[in-house]
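Subject: Structure handover

Hello,

Here is the structure for your files. My notes on what was found in it follow below.

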Amino acid sequence: MKIKRWLSGAFCLLFLAACSRNPVNESYNLNFYSDADEIRIGEEYHPQIIKEYGGEYNAPALRAYVQNIVNRLGDVSHRPQLVYPVTLLDSNEINAFAIPGGHVYVCRGLLAYINSEAELAGVMGHEIGHVNAKHGLQRMSKSTGFNLGAVILSLLLFQDDEDKQNTAYRVGQTVFNVALLSYSREDEMEADRLGIEYENKAGFSPLGVGRVMTMFERLSGVSSQLSTVLSTHPASSDRSKQARIEVRKLEEKGSINRELNRERYLEQINGLVTSAKGQPVKQLQIYTVQKGDAWDNLAARYFNGDAAKKLAWFNGCELSEPLPARIKLGLF
Ligand SMILES: [Zn+2]
C-alpha cells in the first residue's frame, strides 16, 4: 500500500514538472525535454534517418536553394533561435519531414512533384511548424510518460506476478507506439496554419500550402509513391478548406503575395533524378512549351498514350487550363 501511494505521488510530481509552455500557442504541454535535450536527440537521430532513406542526394546548389527558403521561414517562426539544417534524401518517396531540434528532410521524390517556390515554402513552413509547436517532442514525451505509467500500472496490478507485469507492460507499450506513428489531425492542421503564417511573414506566397494539398488530392489516385506521405499527412477536405480560410484572413488584413515563382523553382529542379534507386536513371527535364503544343499532344508524344490528365496534374494544372510557359517532363 505504501509503495502504491509513493509511486502515484511520484508520477504526479513528474507529470507536473514535465508540463511546459508551448512556444506557439502558449498552452501547457507534456514535455520532458529541454531545448538542449531536443537538439541532442535530433543530432542522434540524424545519421539514422539518412541511412534509412538511402543516403543524401548530392545536389549542392539545390540543397542551398532549399536551405535558403528554410532559413527565411525559420527566422520568422516562433523559434528563430533554432538552426534548421536541410538534408536532401536520395529517395523518390514523396515525403518531407522535420525532427525535434530542427533538422528538416526533403526526399527528391517530393521535389519532382512540387511546381513552385511557394509550394516548396509551404511544405517547409508546415514542417517547421511541427518543430515550433513541438509536436514530435510531445509524442515522445507522451511515449515516455506512458512507458513510465505502464511500468507503474503493471507493478500495481500484478504485484506478485513478474510475468504478468512484463506482459501487461509490453502490450500497453505496443498499443501506444502504434498510436504515436502519425501526428494527430489537430497537429497537422496546426502545422498547416503555422506554415501559412510563416510563408506570409517571410515574403512567400501563402497560396503554397493550399496548392500542395490540391496536388496530393489529385495525385492520390494516380501515384503509388504517395502512399507514405498520405498515411502521415492525410489530404483532407478539412485541411484544404482551412488553408483557404487562413489565406482569406490574411487578405482581409492586407494584400498577399500571389507570385508563386514557378519558373525560379523549375530551374532549380532541372535534371533532378526521378527514378527509384537501383532502376535505370531517369531525370526530370524542363521543357519550354512551343506554339501548337497542348496537354494531349505532348502526352501522346512523350508517354505513348493517353496521359494528358496526368501530365497536367504533374505540372500543377487542370486539363482545362492553358499550358504554362515551361513544363516538367520525365517523371513517368
Ligand atoms: Zn505534418
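The second largest cavity holds about 50 Å³ of space. A cavity here is a set of points on a 1 Å grid over the protein atoms alone where a 1.4 Å probe fits but cannot get out, and lining residues have an atom within 4 Å of a point. Grid points are joined across faces, edges and corners, and a volume is the space filled by probe spheres set on the points. The lining of this cavity is made up of E38, A98, I99, P100, H130, V131, K134, H135, G136, L137 and Y183. Helices (H or I, at least four residues) and strands (E, at least two) are DSSP runs, numbered from the N terminus. In the whole structure, the search finds three cavities of 30 Å³ or more.

Please note that this is a predicted model, in which local features need pLDDT of at least 70 and side-chain atom pairs count only at pLDDT 80 or more, while totals for chains, interfaces and linings use all residues. Residues are numbered from 1 along each chain as its sequence is written, and side-chain values use heavy atoms, with hydrogens and water left out.

Helix α3 (residues 60–75) has L62, Y65, V66, Q67, I69, V70, L73 and G74 buried, where buried means under 20% relative accessible area, with a 1.4 Å probe and protein chains only. These buried residues pack against β3 (86–89), β5 (104–107), α4 (108–113), α5 (117–132), α8 (185–201) and α12 (262–269). Contact means heavy atoms within 4.5 Å. Leaving aside residues up to four places away in sequence, M124 touches V66, V70, L73, A96, V104 and V106.

Lastly, Q242 sits in helix α11 (residues 237–253). Q242 is buried, at a relative accessible area of 9%, and touches M189, D192 and R193, again not counting residues up to four places away in sequence.

Regards

How values were computed
Buried means under 20% relative accessible area, exposed over 50%, partly exposed in between (1.4 Å probe, protein chains only). On a 1 Å grid over the protein atoms alone, a cavity is a set of points where a 1.4 Å probe fits but cannot get out, and a pocket is an open set with protein on both sides within 12 Å along at least five of seven lines; lining residues have an atom within 4 Å of a point.
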